[in-house]
Amino acid sequence: MEFRLAWARLVSIALIFVGSAAQQAHVCNEELTVRRLTPHHTLSEFRFNLTVPTEDPNHGFGFPNLLLELVSSNQVQKIFFVLTESLWRHEKYGPPPQPASPTGAVVSVTFEGDASTLEKRWISLIHSMNGAFGTSITHIFPDTVKAGFEFSAAAPRESLCVENYTPWLKMLPCQSNGLVNLIKPLYSLSSVYRSLGFTYEKRCEKERCWYEARLFAFTVYENADERVSAVVEAIEDYVTAPADRRCRVATASQIRVLLDSKLGSKGQDGAVEFNGKKVQDGVTVEVADPNIDISRNELFGVETTFGHKDKFSGRYIGVVRNRKSQSLRLTYTQVLPWWFSIYYHTATVSCGRLSGLELSKEKTIDVIKRFVPSIDRKRPAELELQFTIDGGSECQVNFDFEKKPLRLGEYPPDANHGLYVPAARIVIQDKTKTTVYSNILLAPLLVPDFSMPFNVICFVATAISFAFSTIHPSTTGSLLPVNGKLPEKKLWRTGLRLSLLVLLVGAGYMEYHSITLNALRREIVKFFERVA
């Protein structure tokens, strides 16, 4: 009897440990951080972290099935996808929230499995994501950067709209409860900056593997006093509401309000109060005074621009400013479309000391360069520069470029608007690795006369109609006597008809296969040379 009791206790203890381990394996954290960037700008950061083990047949609770279908059907190990509207102003707002992103859409994928099907899986994944998230990113294939199993591309012209929030919100485990109640897509349209995206990664340690998904939404509001009062009221309603409004599958729910220390305090009974109201259990609220120092936001800045020589060529200028006292090690990467041809030998980095708004003692510094040339309509060019910028200095990245002509079907719907060049990525190797992006660039195109094909078609059709109306009656018609025998068929008429038929068939064949008259002439000359 004692043996049975001991065995039952061991089994119960084992079940408790297994249950606790399974509970720890499934992680669902949600976090909201609201902080001032400037006296008139406020940033809200929503972060949702999901982790489930791969051996779970149901893939855990709340893990997005859409994401699992995308990665399983295309053998994906890692995904980074983000949509961003507007530009993060580094010298005004300070460092951007990580992961940072440029204006537009960015997709970065790392595959696993068979290397011979990477291109096919990349195309399939982009088409699937394009339909699932309501975007228009299927035109990014010629601008794809490939490095082994990693594929990445950017669509600078892509915008972030309300319909992009719907599939993103459906990926969350709690779609009507939890911090998701504080996300208002319609209100984000009045913001000065907004970014929405997610990351996915399959991690393995020894024999254990698990899926990680991190969803994030960043929004910067203007008119901070009015917006902050609305944000505070929304947070107050949430943290003081009954527990049934919380996300029940969330293992942790935290709100950090870095606006005003007077908003939060401890009551007489020791319970946390927010804006004078008691916070319900299950939510962690941290309130602090950020003591904003706007001058500290101006410590680092980056921007890019064009200097045009003529309609065909120009000069690229990228500016990086470091107002800190210590030097920084930077990796400056610029991806350029295939139609943006650069002269690599002209790429230089010159730095000078900042004296007010002017440079002094400008000099060229040592730079580690890496350049991957472009292939027309297949691969963009990639320029990577590694250099050190001293404290209180400004560095300029310069190189000459030339724009290539496009085919008629390669122009955007509004060709006079131009095409965009992706933003430059700067990785700062400081105490922590920080990534920032410059502004995107709009390059005017060499716009042809799009009405010319219409004019040519009209002219050629008119000429053919006149020729056909004259030649056809003379070759097919004949005068018949009223009382007499029918004229005999003449051989020259039949030959002329066959010649015209051969010419028409040959002209159609040349047009279909894009054969020019010069190419036809060369083939005829080669034929007679072989005969001779």
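Modeller: Helices are DSSP runs of H or I with at least four residues, strands are DSSP runs of E with at least two, and both kinds are numbered from the N terminus. This is a predicted model, in which local features need pLDDT of at least 70 and side-chain atom pairs count only at pLDDT 80 or more, while totals for chains, interfaces and linings use all residues. Residues are numbered from 1 along each chain as its sequence is written, and side-chain values use heavy atoms, with hydrogens and water left out.

Biologist: How many helices and strands are there in the chain?

Modeller: The chain has 532 residues, of which 40% count as buried (under 20% relative accessible area, with exposed meaning over 50% and partly exposed in between, for a 1.4 Å probe and protein chains only). Counting its secondary structure gives eleven helices and 26 strands.

Biologist: Which share of the contacts with a separation of 6 or more comes from residues 24 or more positions apart?

Modeller: A contact means heavy atoms within 4.5 Å. Among the contacts in the chain with a separation of 6 or more, the share from residues 24 or more positions apart is 70%.

Biologist: Which residues are in contact with Trp122, leaving aside its neighbours within four places in sequence?

Modeller: Trp122 is one of the residues that touch the most other members of the largest nonpolar core. Once the neighbours within four places are left aside, its contacts are Val107, Val109, Phe111, Ile140, Phe141, Thr144, Phe151, Ser152 and Ala153.

Biologist: How many disulfides does a search of the whole structure find?

Modeller: A disulfide is a covalent bond between the sulfur atoms of two cysteines, and here it is a pair of cysteine sulfur atoms within 2.5 Å. Cys204 and Cys209 form one, with sulfur atoms 2.0 Å apart, and another joins Cys351 to Cys395, with an S to S distance of 1.9 Å. The search of the whole structure therefore gives a count of two.

Biologist: How many residues apart are Cys351 and Cys395?

Modeller: Both Cys351 and Cys395 are buried. The torsion about their S-S bond is about 105°, so this disulfide is right-handed. The pair links distant parts of the chain, with Cys351 in strand E18 (residues 348-355) and Cys395 in strand E22 (residues 393-403), and the separation is 44 residues.

Biologist: Where is Pro99 found, at the end of the cis peptide bond from Gln98?

Modeller: Most residues other than glycine have a negative phi, and most peptide bonds are trans. The bond from Gln98 to Pro99, however, is cis, with omega near 5°. Pro99 is found in the loop between helix H3 (90-93) and E4.

Biologist: What is the phi of Arg377, which is not a glycine?

Modeller: Arg377 lies in the loop between E20 and strand E21 (381-389), and its relative accessible area of 27% makes it partly exposed. Gln75, in the loop between helix H2 (65-74) and strand E3 (76-85), has a positive phi of about 55°. For Arg377, phi is positive as well, at about 65°.

Biologist: What distance separates the C-alpha atoms of Ile368 and Leu385?

Modeller: Ile368 lies in strand E20 (residues 368-372). Not counting residues up to four places away in sequence, Ile368 touches Arg329, Glu384, Leu385 and Gln386. Ile368 and Leu385 are 17 residues apart along the chain, and their C-alpha atoms are separated by 5.7 Å.

Terms used
Core = buried A, V, L, I, M, F, W, Y, C linked by side-chain atoms within 4.5 Å.
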